[in-house]
Every structure is written in structure tokens, then in C-alpha cells.
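Work through each task with the structure in view before reading its solution.

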Amino acid sequence: MSPRDPGSPAAVRIAPSILAADFASLGPALRQLDPATDWVHLDVMDGHFVPNLTLGPALVASLRPHSSRLFDCHLMVTDPRHHLEAFARAGADSCTVHVEAHEVGAAIADARALGVRVGLALNPDTPASAVLDHLGDVDVILVMSVFPGFAGQAFIPEVLGKVRDLRDEIDTHAPRVDLEIDGGIDQDTAADVVAAGARVLVAGSAIFRAADPLGAARALRQRAQSA
Ligand code: DX5
Ligand code: ZN
């Protein structure tokens, strides 16, 4: 467990996704959210794996002093092996690669060797079976509940069955693995995803596009814990 991860895999954790924030004021935004959140979710897109370009290691390093929370880098990139070391050096505590990306097994091993927590993400149309062989090698499974690329998309309810299946697999075979969900998480969907078995909730728009982001993060945790 990373020293910056305060929770057990059974506890609900809230991970604001900065993709929905105003990039000109990220430092103050992270400082404000620090007391109400657990992880900070950093969406890295290469313009190839997904049709969008976002942020690189320089921004991660710049943000590191502004947060005490676990930095959760979600690498939506075709070749994660080309980038892992730079993000680990920049201050990532956890690096998640996609099972649909190139050289996944080697990327997981590379991330492990770099000493960061290791996550494996799967797209909405990728079956749970695609990640099962890797369950023993990772710390996090990240279920995408939108197609990756942009904040502000609608939650895809069909992924809930996959969350339930992965919860069962994790409970049986790898109980230390965190089950994270990303995309369209808000007051309306939080309780359902927790009831299905997710425990780390990524939220972009629901936090950063709220009039009161700190209050929104607290309300999201309350809603999630009510499941
Ligand atoms: C989508 C990203 C998500 C996204 C979440 O590709 O991985 O982290 O920013 O944003 P919301 O919560 O607005 O769906
Ligand atoms: Zn993400």
C-alpha cells in the first residue's frame, strides 16, 4: 500500500478527476479539495489511444506540492511502456494502463519495478475476462463507465454487471485489489456503483463543475456511503 493511500479496499474513496477542472487554477483547486478527497485522478491522453491530448509528467510534478493525496495516473495511451518512468519520477503514486494498450504484461512489470502502485483499466466494451489473468499482478482494477477521451459524458449503466462480476473475482482471488470506476459518476450514479462493488469513485464534472467543489466532493462521499 502506498503511504499516500489512507483507505482499505473495502472503504469508499473519492478521486476527483482534474480533466473537468480549470487548468489555470489547478494548484488552488487541489489544495481546497485536499480534506474531502482520497486520491487525485490524473487523465493522461496521447491523442492516439483516445482522440484527445491532455497532460504530461511536467504538470504532475507541478501539482505534486499542492496535494497530500495519492496521485492516480490513468494512462490512456497506446504505448504505456514509453511513459511510465516519466510519470513515476514526476510523483505518480499509482499508474493505470489499459488492457487494450500495447505490451500490457510488460507494462505492468515495468510499473511494478518502478515502485508505484499498478492499475489495469478496461473500456466499457471490454469483458471482465480480459483482466482476470492479471488480477494477481495489480493493485487496482479500473472499470470505465464511459468511453475514454472526455469528461462530462453520461454513465453507461450496462457496466454495472461487469462491476459485480469483478467484485466477486476480487473478493475470491485478490481481496487487496481496489475496484475503481471512472466516467459519469455523480449524485445519481454513486450509490449504484458502490452497491455493485466499486470502492474508488472517480468524479470530474460532478466535483469541478459544481458551484462548490468541496461541498460536492463531500456530498458525493455521503451518497456513496449510503449504498
Ligand atoms: C474519461 C476520463 C475520466 C473523466 C471523468 O476519459 O478517464 O476520468 O475525466 O469525468 P466525468 O466524471 O465528468 O465523467
Ligand atoms: Zn480517468
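**Exercise 1.** Determine which strand supplies the largest share of the shell around ligand 1.

*Solution.* Step one: β2 provides that share, with three residues; strands are DSSP runs of E of at least two residues, and helices runs of H or I of at least four, numbered from the N terminus. Step two: β2 (39–45), β3 (70–76) and β8 (200–203) each contribute at least two shell residues. Step three: among the 20 residues around ligand 1, D43, G149, D182, G204 and S205 come nearest, where a residue is near if one of its heavy atoms lies within 4 Å.

This is a predicted model in which local features need pLDDT of at least 70 and side-chain atom pairs pLDDT 80 or more, while totals for chains, interfaces and linings use all residues. Residues are numbered from 1 along each chain as written, chains are lettered from A and ligands numbered from 1 in written order, and side-chain values use heavy atoms, without hydrogens and water.

**Exercise 2.** Identify which polar atoms approach the oxygen atoms of ligand 1, and at what distance.

*Solution.* Polar contacts here are pairs of N or O atoms within 3.5 Å. First, the side chain of S17 places a polar atom 3.1 Å from a ligand oxygen. Second, a side-chain N or O atom of H41 is 3.5 Å from an oxygen of ligand 1. Third, G152 brings a backbone N or O atom to 2.9 Å from a ligand oxygen. Finally, ligand 1 taken alone exposes 380 Å², of which the protein buries 99% (Shrake-Rupley method, 1.4 Å probe).

Note on methods:
Polar contact = N/O pair within 3.5 Å; in protein donor to acceptor, adjacent residues only side chain to side chain.
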